[in-house]
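Please keep the sequence and the structure in view while reading.

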Amino acid sequence: MSLKILLDDQIEKLFKDNPELKSIKKNKFEISVASFANLKYLNGLEFDDLVDGIMGEGGDEGIDLCYVYCNGTLVKDEQHPITKDSTLKVKFFQVKKEDGFSTDGFRKLKEGIDEIFNLDLELDKLQIIGANQDILEMADLIRKIFRTSRLERAKFSCEVFYVTASPEINISEKIKHLEEELKKNSLAIPFEFEYLGAQKILDLTGKNDEQIEIKFDSQPLNISEKDIEATGFAGFVNGNELIKSLLDKEENFRSHLTEGNIRFFLGEDKKINSSIIDSANDPIKASNFWAMNNGLTIIGDTISPLNAKGYNITNPQIVNGCQTIHCLYLAYSDQNKNTLPETLKVFVKLVKTENTDTQTDIISATNSQNPVKSASLKANDHIQRNIEKHLLEAGILYERRDNFYKRQGFTGNKVIGLLKMAQIVHTVVNKEAVVAVNDTTTLFDTETKYNSIFNDKADFDLYKFSTILYQKIWTIKNSDIRANDYQSEQRDLISKGGFIFLHIMSSLLFSDSEYIEEQKAKTSKLTKNIVIETPARKNEFTKRKKWLFENIEKENFLEFYYETAKIIFFNSADEYVKNTNKSKNSLFKFRGFDKDYVRPEIDKYIIEKESQQLSETKTN
């Protein structure tokens with residue numbers, strides 16, 4: 001029972017530290033498990049994405065949480081790019097605050113998964129059976145992604161997690177039998193299973209500094225000179241020892257050490273990777289592996305000697321050699337043999353530097369010949385470090401480096417990642433909410449786009465205000481859904497419309513903001529794009545920020561703006577349907593929705609409001 005009490009303490013702490021969680025109309029234990037499991041099992045999702053994966057109470061078909069990944073990145077719609085080199089994975093969770101792992105609970109989960117992959121079962125029939133809207137949308141997404149993966153011959157697999165508050169993990173033979181039935185599915189989808197009890201959940205709640213130990217074959221080269229910022233060690237590591245250093249306590253390969261970084265494994269059927277695997281499996285070729293392969297580069301927060309040949313690395317990142325290490329693991333684990341030829345050696349560089357510019361140079365240089373995520377290369381820019389420092393003073397944890405704050409145990413929507421910040425600021429200053437959500441990585445592709453969002457000449461309070469407004473909108477709309485019984489169409493608009501609300505409300509607030517000009521207080525409409533590098537005297541945000549910060553913290557101040565924004569949003573959606581004959585739900589994929597429908601409705605509202613105020617003034 002003591003484990004359960006300790007677990008309850010952690011849940012209460014989570015909700016105390018993140019009071020906005022109380023606004024979510026979803027199960028408290030499911031929210032907690034998603035939060036605790038986020039870093040280790042879910043690749044450190046943004047908090048709103050994490051909550052969106054909770055399938056709701058009632059009609060979840062035994063599936064409490066569900067997330068779809070492509071190459072380690074969350075898939076949000078069927079338009080996500082998939083090629084033959086892609087690795088797709090669906091993660092299903094059943095989460096019950098019970099003292100054991102019941103066969104009935106697992107059977108419901110299995111039946112829900114079977115329904116999703118029964119492609120002959122139409123969604124309308126699934127709805128009649130009792131599936132809720134969240135699970136219907138997830139089933140539709142999974143089916144479309146699965147069918148695309150088969151067309152493209154991409155890898156597709158599933159992981160199933162059964163989570164309870166049980167002090168012990170005792171899995172019945174009936175559950176194991178149900179496991180086997182899922183594994184024998186007619187679509188030949190590979191399944192893996194994991195069971196988490198109270199102790200495993202508690203283990204997820206602490207600080208999550210990750211450690212690996214690298215043991216060189218002989219004393220490595222020590223790279224440390226007086227005037228060189230980067231220090232480290234380089235030498236040969238036995239292939240078996242290298243793989244074992246990257247396995248966790250349950251002997252699972254810690255692929256997240258590469259998934260969170262610049263590149264992702266490009267697939268075992270790619271020509272170069274097939275060659276690596278063949279070499280690793282051939283005892284003769286294996287002896288020359290070090291000469292045919294560039295090896296690994298690993299960056300760590302600290303590198304501490306264990307003995308003459310062994311080193312402990314804290315929070316390691318494999319910044320080069322992603323494909324190599326995945327191929328070696330595939331060769332190692334092939335047919336469960338769990339070994340590589342003893343002659344196989346890998347050249348490994350361990351690098352430590354506290355200079356973030358040097359880190360960026362290393363990451364860029366070691367990935368220069370391969371496709372990279374341009375956003376990741378920006379994480380150590382001066383502007384990014386300056387924003388992090390500025391927001392930290394306001395209690396906002398800007399996670400420009402993947403999972404930096406989550407590893408320290410921070411949770412909730414006060415943790416804002418690099419891509420999420422780009423979405424928020426692009427919506428506020430460039431007024432493109434739909435583009436921000438659907439084309440996030442393109443915001444980093446050109447200097448022009450990037451500088452319109454992240455600029456050293458900007459007023460850094462813009463990042464603070466935009467983030468606070470986004471957080472408050474998230475809480476208000478969740479409270480709205482929790483308190484009111486909307487029709488499914490309206491509920492979907494509100495639930496998915498966070499960034500559109502951000503566009504509308506920021507425009508309304510900017511237009512209502514009072515500022516001093518020529519010693520007079522005035523307001524002026526501001527619904528157009530904001531050029532953030534404009535000098536302070538003429539900067540449209542800077543002029544208004546005193547009023548904005550004074551009012552945004554007032555209790556209930558934003559309620560009026562939210563209700564007004566909701567009317568504007570609904571009107572915009574109606575106009576979209578009228579002009580396109582498409583469903584309202586499709587507007588979230590229409591890149592021109594902000595420009596063609598939202599902006600005109602905002603302008604219309606402001607003009608009517610000004611006209612009414614003028615009329616009232618004349619009457620008085």
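The side chain of aspartate 134 meets that of arginine 491 in a salt bridge, at 3.9 Å from N to O, where a salt bridge is a side-chain nitrogen of Lys or Arg within 4 Å of a carboxyl oxygen of Asp or Glu. This pair links distant parts of the chain, since aspartate 134 belongs to helix α6 (residues 133-152) and arginine 491 to helix α22 (residues 488-496), 357 residues apart. Arginine 491 is partly exposed, at 27% relative accessibility. Helices and strands are DSSP runs numbered from the N terminus, helices being H or I with at least four residues and strands E with at least two.

## Basis of the model

The model is predicted, so local features need a pLDDT of at least 70 and side-chain atom pairs count only at pLDDT 80 or more, whereas totals for chains, interfaces and linings use all residues. Residues are numbered from 1 along each chain as its sequence is written, and side-chain values use heavy atoms, with hydrogens and water left out.

The pLDDT, which is the predictor's confidence in each residue from 0 to 100, averages 88 over the chain, and 91% of the residues score at least 70. Over residues 259-264 the pLDDT stays under 50, and the model has 28 contacts beyond four places in sequence for this stretch, a contact being heavy atoms within 4.5 Å. Residues 368-373 also have a pLDDT below 50, and that stretch has 10 contacts beyond near neighbours in sequence.

## Other salt bridges

Side chains of opposite charge can pair when their charged atoms come close. A search of the whole structure finds 40 salt bridges, one of which joins the side chains of lysine 89 and glutamate 159 at 3.1 Å from N to O. Lysine 89 is in strand β3 (residues 87-96) and glutamate 159 in strand β4 (residues 155-164), so that distant parts of the chain, 70 residues apart, are linked by the pair. Lysine 89 is partly exposed, with a relative accessible area of 25%, whereas glutamate 159 is buried at 13%.

Lysine 545 and aspartate 459 form a further salt bridge, with their closest N and O atoms 3.1 Å apart. Because lysine 545 lies in helix α24 (residues 540-552) and aspartate 459 in the loop between α20 (447-453) and α21 (461-483), the pair ties together parts that are 86 residues apart in sequence. Lysine 545 is partly exposed at 22% relative accessible area, while aspartate 459 is buried at 15%.

The expected span of a helix is 1.5 Å times one less than its number of residues.

For helix α25 (residues 557-580), the 24 residues should span 34 Å, and the end C-alpha atoms are 36 Å apart, which agrees. Asparagine 581, which follows α25, has a positive phi near 60°.

## Loop residues with positive phi

Arginine 153 is not a glycine, yet its phi is positive at about 60°; this residue lies in the loop between α6 and β4 and is exposed, with a relative accessible area of 69%. Lysine 431, likewise a residue other than glycine, has a positive phi near 60°. Lysine 431 is placed in the loop between α18 and α19 (433-438) and counts as buried, at 0% relative accessibility.

## A buried threonine

Threonine 427, in helix α18 (residues 418-430), is buried at 0% relative accessibility. Apart from neighbours within four places in sequence, threonine 427 is in contact with Glu432, Ala433, Ala436, Phe499, Leu502 and His503.

Technical notes:
Buried means under 20% relative accessible area, exposed over 50%, partly exposed in between (1.4 Å probe, protein chains only).
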